[in-house]
Amino acid sequence: MAKRREPRPAVPSPAAVAGPAPGSARLLAALGLLGLVAANVLATWGRWGDVVTDCGRELDVALQLSQGQGLYSDVRFWYGPLPPVLNALLFRARGAQVDTLAAAGVACAALLAVLGYRLARLFAGRLPAWAAAAALLQCCAFVQLYPNNIFNFVAPYTYAATYGISLALASAYWLARHALRGRRRDLWLSTAALGLTALCKLEPLFAALVAHVAFLGLTALRERAGLLARLPPYAAGLALPAAVYGGLWARLGPALVGDNLLVLGNATAGDFGLRHAGLLDLGGSLQGLAVS
């Protein structure tokens, strides 16, 4: 007599076990970040900084460049040329008003959140990655830490910092993705973002360079041939800032540094820069550091 077969229990599909489909999860994450950006804009509306004491220089520099003045020759500027030139182009396209650069700042904040999410997503699940991006928006982009939340991404002290931070994070994201997945295109994108960061501000550039130096050092330890194969993207990425600063030096000479870039070398602001860098009284700075 044939043995009766018992019906197999139903096995849930992988999609049912894992939750929403990847496309739906990505959409929910994107809508969540977009909603958080909108909520921050509404919550901080009209409290983004003082145009006289905080961000007025950024507006004035962009205005003068949009009217045909020369950067570093007619208009002094401490940082790289990309942010003021980009802001001047925005003024020409959308009008010279505060809202133009405020909109650019909001877009930069949203980009920072997306990059933070994508970078964290390489190492963690969607919820932790979303939480990291949300923290970037709350604590950095919109500075929801105290009532007078000036010095944010919408109206920063200098757009060279906010643009530079976003480009440095983009460089770190593509570098990490290249290290994990081996896609050569990601390394080209990472070094391109590194070159653009060099046209913004030194501090974001330094942070991005630390990541790249660590990556190249580990690559050299594992395989010498792999290090040589990765040199062309770096040469191409650094060629852009070298060409830009080289052209500016050819046109302006030592005034490019003495009157503009590298504020520590500027005779009119040297003490200010040295004091805030802790170098004017190095002994006292080291003593305070030891105490802390």
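In this predicted model, Leu 82, Pro 83, Leu 86, Asn 87 and Leu 90 of helix 4 are in contact with Tyr 159, Ala 160, Tyr 163 and Leu 167 of helix 7. Helix 4 also packs against helix 3, and their axes come within 8 Å. This briefing covers both helix pairs, then a cavity and a pocket.

**Helix 4 and helix 7**

- Helix 4 spans residues 82-94 and helix 7 spans residues 159-181; their axes come within 8 Å and cross at roughly 105°.
- An angle of 65 to 115 degrees counts as roughly perpendicular, and helix 4 and helix 7 are therefore roughly perpendicular to each other.
- Sorted by class, the residues in the contact of helix 4 with helix 7 are eight nonpolar and one polar, with no charged residues.

**Helix 3 and helix 4**

- The axes of helix 3 and helix 4 cross at roughly 65°, so these two helices are likewise described as roughly perpendicular to each other.
- The crossing of helix 3 past helix 4 is right-handed.
- On the helix 3 side, the contact is made by Leu 59, Val 61, Ala 62, Leu 63, Leu 65 and Ser 66.
- On the helix 4 side, the contact residues are Pro 84, Val 85, Asn 87, Ala 88, Phe 91 and Arg 92.
- By class, nine nonpolar, two polar and one charged residues form the contact of helix 3 with helix 4.

**The cavity**

- One cavity of 30 Å³ or more is found when the whole structure is searched.
- The largest cavity holds about 30 Å³ of space.
- Its lining consists of Glu 58, Val 61, Ala 62, Phe 77, Pro 83, Pro 84 and Asn 87.
- Helix 3 and helix 4 each contribute at least two residues to the lining of the largest cavity.
- Among the cavity-lining residues, Val 61 and Ala 62 also belong to the contact of helix 3 with helix 4.
- Asn 87 lines the largest cavity, and Asn 87 also takes part in the contact with helix 7.
- The lining of the largest cavity divides into five nonpolar residues, one polar and one charged.

**The second largest pocket**

- The volume of the second largest pocket is about 190 Å³.
- Lining this pocket are 16 residues, of which Trp 48, Gly 49, Val 98, Ala 102 and Ala 155 are the closest to its centre.
- Helix 3 (56-66) and helix 5 (98-121) are the elements that give two or more residues to the lining of the second largest pocket.
- Helix 5 gives the most to that lining, with four residues.
- By class, the lining of the second largest pocket comprises 11 nonpolar, two polar and three charged residues.

Definitions and conventions: Residues numbered from 1 in each chain as written. Predicted model: local features only at pLDDT ≥ 70, side-chain atom pairs only at ≥ 80, totals over all residues. Heavy atoms only, no water. 1 Å grid on protein atoms, 1.4 Å probe; cavity = no way out; pocket = protein on both sides within 12 Å on 5 of 7 lines; lining within 4 Å. Points joined across faces, edges and corners; volume = space filled by probe spheres on them. Nonpolar A, V, L, I, M, F, W, Y, C, P; charged D, E, K, R; others polar. Axes fitted to C-alpha atoms, helices over the stretch in contact; angles between N-to-C directions. Parallel < 35°, antiparallel > 145°, perpendicular 65-115°, else oblique. Contact = heavy atoms within 4.5 Å. Left-handed = near helix turned anticlockwise from the far one by under 90°.
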